[in-house]
Amino acid sequence: MLTRKQLDLLEFIHKRMRRDGVPPSFDEMKEALDLRSKSGIHRLITALEERGFIRRLAHRARAIEIVKLPEALEAKGFHPRVIDGDVAPPPPAGAMEVEAIHALEVPVMGRIAAGTPIEAISEVSQRIAVPGNMVSGKGHHYALEVKGDSMIEAGINDGDVVVIREQNTAENGEIVVALVDGYEATLKRFRRKGDMIALEAANPAFETRILRRDQVKVQGRLVGLIRSY
């Protein structure tokens, strides 16, 4: 049996994983549950782990595996999924051919900075196969190789490949590709603050950049992540 707060946190993590492809930060969890400190989130996560609902993956930034959900949440359509960035677990034996049928290719458009913005690259360097469910829905998708470590607490590491749905709008809290001043591209969490735009890192070593709205152009939203070991 879970407490109300434990259930709320489990549902919030589950929804954010399905929406963003990466787990929420502890600050976002704290804000969502209206707690005063992150220590409360640590206690809730530990309780969920002890009860067998989640499993934390060692040596990976905030990587969480949801092992099961209570019946109340399972009724909403939960399917077990490991999120380390957005890498799905290997398919079960005998399912490889079915999975391959649904694999799609997207263009790799170059590198994107998860740190100090680098010059935007818009030429296709190669193509990469991604699971069909990662690019479900309408819209054009593309991939970018991550350079830098400013998003490590969002589970995005240097060398990862992020899959982006092309769009020019974003909701607060979404991780986006942002074009700064027309020539610098960066991968950051987007927040609108009045007439200003905040591009937030997920690494305390990097400062949040506050820019005028006319300096920032959203070029896409993160929907998946591919990691090679």
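Which residues does alanine 178 touch, not counting residues up to four places away in sequence? The close-ups below, all taken from a predicted model, start with that residue.

**View 1. Alanine 178 and its contacts.** Welcome to strand β9, residues 175-180, where alanine 178 lies. Leaving aside residues up to four places away in sequence, alanine 178 touches Glu184, Ala185, Thr186, Leu199, Val216 and Lys217. Its relative accessibility is 0%, so alanine 178 counts as buried. Phenylalanine 190 is 12 residues from alanine 178 in sequence, and their C-alpha atoms are 8.5 Å apart in space.

**View 2. Strand β9 beside strand β13.** Here the two strands pair in the antiparallel sense, with five bridges between β9 and β13. Look for valine 180, whose bridge partner in β13 is valine 216. Valine 216 is also one of the residues that alanine 178 touches.

**View 3. Strand β13 with strand β8.** Strand β8 covers residues 161-165 and pairs with β13 over five bridges, in the antiparallel sense. Within this pairing, isoleucine 164 stands opposite leucine 222 of β13. Strand β13 itself runs over residues 216-226 and is mostly covered, with nine of its 11 residues buried.

**View 4. Helix α1, end to end.** This helix takes in residues 4-20. Among the buried residues of α1 are Leu7, Leu9, Leu10, Phe12, Ile13 and Met17. Glu11, His14, Arg16 and Asp20 of α1 are buried too.

Note on methods. Residues are numbered from 1 along each chain as its sequence is written. This is a predicted model: local features need pLDDT of at least 70, side-chain atom pairs count only at pLDDT 80 or more; totals for chains, interfaces and linings use all residues. Side-chain values use heavy atoms; hydrogens and water are left out. Helices (H or I, at least four residues) and strands (E, at least two) are DSSP runs, numbered from the N terminus. Buried means under 20% relative accessible area, exposed over 50%, partly exposed in between (1.4 Å probe, protein chains only). Contact means heavy atoms within 4.5 Å. Two strands pair if DSSP finds at least two bridges between them. The expected span of a helix is 1.5 Å times one less than its number of residues.
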